[in-house]
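Hi everyone, thanks for coming. I'd like to walk you through one structure today, so please have a look at it with me.

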Amino acid sequence: MAANPSIITRDTDKLAAKTGNLYESVAIISRRSRQIASKTKEELNNKLAEFASGIDNLEEVFENREQIEISKFYERQPKPTGIAIEEFMEDKLFWRSSEEEA
């Protein structure tokens with residue numbers, strides 16, 4: 001049984017070293033991942049809205065290849081979590097600690 005090549009083992013010590021706390025690092029990555037996913041979903045919905053029609057018929061569902069290609073393009077993109085982890089590890093994210101605000 002072959003391992004999935006998209007599964008990557010992450011060094012938790014490196015993640016924790018950025019903030020001093022693994023859970024805080026994961027929370028930061030999670031928030032950024034949600035931002036990326038939300039932006040991507042909005043882009044996809046805007047592109048697919050061009051194809052929306054008030055009346056759905058069976059022929060349009062099977063013949064709309066452009067809509068299918070747009071959906072496949074977005075499915076092949078890297079996952080938001082992976083992008084967020086890479087941004088975090090490459091110091092491309094800015095965050096404030098709750099202790100700094102106090």
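I'll begin with the whole chain, then go through a few places in it.

Before anything else, please keep in mind that this is a predicted model. The protein chain has six helices and zero strands, so in order from the N terminus the elements read α-α-α-α-α-α. There are 102 residues in the protein chain, and 15% of them count as buried. The accessible surface is about 8500 Å², with 53% of that belonging to carbon and sulfur atoms.

Let's start with helix 1, which covers residues 12-19. What caps its N-terminal end? That is Asp11, with a side-chain oxygen 3.1 Å from the backbone nitrogen of Asp13. After helix 1 comes Gly20, and its phi is positive, near 90°.

Next, a helix pair. Helix 2 spans residues 22-49 and helix 4 spans residues 65-76; they pack at an angle of about 170°, with their axes 10 Å apart. An angle over 145 degrees counts as roughly antiparallel, which is why helix 2 is described that way relative to helix 4. Which residues meet there? From helix 2 we have Thr40, Glu43, Leu44, Lys47 and Leu48, and from helix 4 we have Gln67, Ile70, Ser71 and Tyr74. Sorted by class, this contact of helix 2 with helix 4 has four nonpolar, three polar and two charged residues.

Staying in helix 2, I'd like to show you Ser25. Is Ser25 buried or exposed? Its relative accessible area is 0%, and buried means under 20%, so Ser25 is buried. A polar atom of the Ser25 side chain lies 2.6 Å from the backbone oxygen of Leu15. Leaving aside residues up to four places away in sequence, Ser25 touches Leu15, Ala16, Thr19 and Phe88.

My last stop is Glu86, in helix 5, which runs over residues 80-89. How far apart are Glu86 and Ile29 in space? C-alpha to C-alpha they are 9.3 Å apart, while in sequence they are separated by 57 residues.

That's my tour, and I'm happy to go back to any of these places with you.

Notes
Residues numbered from 1 in each chain as written. Predicted model: local features only at pLDDT ≥ 70, side-chain atom pairs only at ≥ 80, totals over all residues. Heavy atoms only, no water. Polar contact = N/O pair within 3.5 Å; in protein donor to acceptor, adjacent residues only side chain to side chain. Helix = DSSP H or I, 4+ residues; strand = E, 2+ residues; numbered from the N terminus. Axes fitted to C-alpha atoms, helices over the stretch in contact; angles between N-to-C directions. Parallel < 35°, antiparallel > 145°, perpendicular 65-115°, else oblique. Contact = heavy atoms within 4.5 Å. Nonpolar A, V, L, I, M, F, W, Y, C, P; charged D, E, K, R; others polar. Buried < 20%, exposed > 50% of the residue type's maximum accessible area, 1.4 Å probe, protein only. Areas by Shrake-Rupley, 256 points an atom, 1.4 Å probe, with all protein chains shown as cover.
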